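Subject: Handover of the structure

Dear colleague,

I am passing on the structure we spoke about, together with some notes on what was found in it. Please read them with the model open beside you.

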Amino acid sequence: MDDIVLSAYVKQAYITPENQSFWFGYYNYSPENANGDKLLAHHVEFDGRSITQEDRAQIGWIDLNSGAWNPIDLTSAFNWQQGAMLQWLGESDCFIYNNADNGEFISKEYNISTGEQCVHPWPVYGVLINPKISLTLQFKRSYWCRAYHYETIKDKAWDGPLPQNDGIFMLNLDSNEVERIISIEDIIRIDPDDSFKKAKHWVEHIMINPSGTRFAFYHRFTHSAGFTTRVFTANIDGTDLRIISGWREYSWSHMGWIDNQKFVIYGIKKNSTVQAYRKLTEEHGKWGQILRKIYKKTLSKLITKQVRKRTQIPGSYQICDSIEGKITEEIPRGLFNLDGHPSFTKNGRYMLTDTYEDEESYRHLYIYDLLTKKRVELAKFYSPFNSCDYRSDLHPRFNYAENRVIVDSAHSGYHRIVGVDVDWDRIKHDLEET
């Protein structure tokens, strides 16, 4: 069985060293710089396990001409899925990443050309260059929620259902001023539900649109059968806050902007049995508590087993309008039965996405044409780490020129970064063929 199977649409451009752990992180930023000669990365001396408070990751870049690794710092503020929010600052040779110092999360900029560094008093999430700001979260809160968190700081003050002063914040990267632009209270007041009163609430996954005028994010809250996701959008300054309708009907996961107004999100129709169980256990006091205990001992295992067999609960990508606040179209069912991480070419026509592992533990890489409604498979990667926090999702991204796709993969038992060059002529020919 091959660890990597490439189609005729791609050829391997590079791969990080064997038996060493390198990865980039999330799928909404490209690890290559605009010139295509440097690759940002995290590097650790361990693999195949969860991160501890004592662990540190090297931050640096790989020279794609020589293959040399250039570390510049150590960070304790990182995780397997999103790394340290490492990302290039526009088309320059400057990048930014998160770290921690004296019990506080911070972020650092580094200029490769000059070696200059500067420190910001808050961590970053989504970053804009003009104006030079970051829309970010209170990462200390994330430790106590499902959100991807950093192990290095565990502040009990941020535990609880609804901490004060939580929400979405704007960090000015020039002045270092921080202000909260959306409060968690503002979020839960929109289209409220009776279950909110007993739930733990938090915010995740800030995604800024291509022009930097608007952003999306998730409001997540707990209930007896897990958690629910609601999707919001707002202007970049936090005004014009809008919810996407349909959250009571669908379970939503990963999204990607098509253009400045529309985005796709992967949705699965909610299981009516689970919904009925939620209502029963949450509305019937002591009897509800007894039912929850029964659920944890018996039914939870059955439902979890069913959920993990994702092909039996097929979902699909849904196209949403951020201004109208609703689903406007659905990508044909059957094309994407497994959840993935979508992003788009600059013209908004072609969607790049991956899948979680299939029954043979392969993760697949696809390009989909929104116009012809057809897809091609670029490659598949064996996945030895699944259903754990140290798994390696492919998290595919185009490079700046859109002629290469970069993925994270643990096909050999170590996290590695793989770049494949894309044959667009062949892809477009097959996607456009009637």
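Which residues does C320 touch, not counting residues up to four places away in sequence? With contact taken as heavy atoms within 4.5 Å, C320 touches I244, Q261, K262, F263, I265, K326, I327 and T328. C320 belongs to strand β21 (residues 316-321), where helices (H or I, at least four residues) and strands (E, at least two) are DSSP runs, numbered from the N terminus. C320 is buried, with a relative accessible area of 0%; buried means under 20% relative accessible area, exposed over 50%, and partly exposed in between, computed with a 1.4 Å probe on protein chains only. I258 lies 62 residues from C320 in sequence, and the two are 9.6 Å apart in space, C-alpha to C-alpha.

Before going further, please keep in mind that this is a predicted model, in which local features need pLDDT of at least 70 and side-chain atom pairs count only at pLDDT 80 or more, whereas totals for chains, interfaces and linings use all residues. Residues are numbered from 1 along each chain as its sequence is written, and side-chain values use heavy atoms, with hydrogens and water left out.

Overall, the protein has five helices and 29 strands, and buried residues make up 54% of its 434 residues. Among contacts between residues at least 6 apart in sequence, 54% join residues at least 24 apart.

One part to look at is an open sheet of five strands, in the order β1-β26-β25-β24-β23, with antiparallel pairing; two strands are said to pair if DSSP finds at least two bridges between them. Strands β1 (4-6) and β23 (343-344) stand at the edges, each with a single partner strand, so one side of each is left without a neighbour in the sheet. Between β23 and β24 (residues 350-354) there are two bridges in the antiparallel sense, and S343 has L352 in β24 as its bridge partner. Helix α5 (residues 424-432) lies across β24, β25 (362-369) and β26 (374-382), and runs at about 130° to β26, where axes are lines fitted to C-alpha atoms, for helices over the stretch in contact, and angles run from 0 to 180 degrees between N-to-C directions. In the loop between β25 and β26, K373 has a positive phi near 60° although it is a residue other than glycine, and at 37% relative accessibility it counts as partly exposed.

Strand β11 (residues 126-128) is joined to β12 by three bridges and runs antiparallel to it, with I133 as the bridge partner of L128, and the two strands form a hairpin with four residues between them. The loop between β11 and β12 holds P131, and the peptide bond joining N130 and P131 is cis, with omega of about 0°. Four bridges join β12 to strand β13 (residues 167-172), again antiparallel, and T136 stands opposite F169 in β13. In the loop between α1 and β13, N165 has a positive phi of about 65° although it is not a glycine. For context, most residues other than glycine have a negative phi, and most peptide bonds are trans.

On a 1 Å grid over the protein atoms alone, a cavity is a set of points where a 1.4 Å probe fits but cannot get out, and a pocket is an open set with protein on both sides within 12 Å along at least five of seven lines, lining residues having an atom within 4 Å of a point. Grid points are joined across faces, edges and corners, and a volume is the space filled by probe spheres set on the points. The largest cavity holds about 60 Å³, and its lining includes L137, R141, C145, D166 and W202. The second largest pocket holds about 1,300 Å³ and is lined by 40 residues, of which N28, Y29, S30, P210 and K346 lie nearest its centre.

With best wishes
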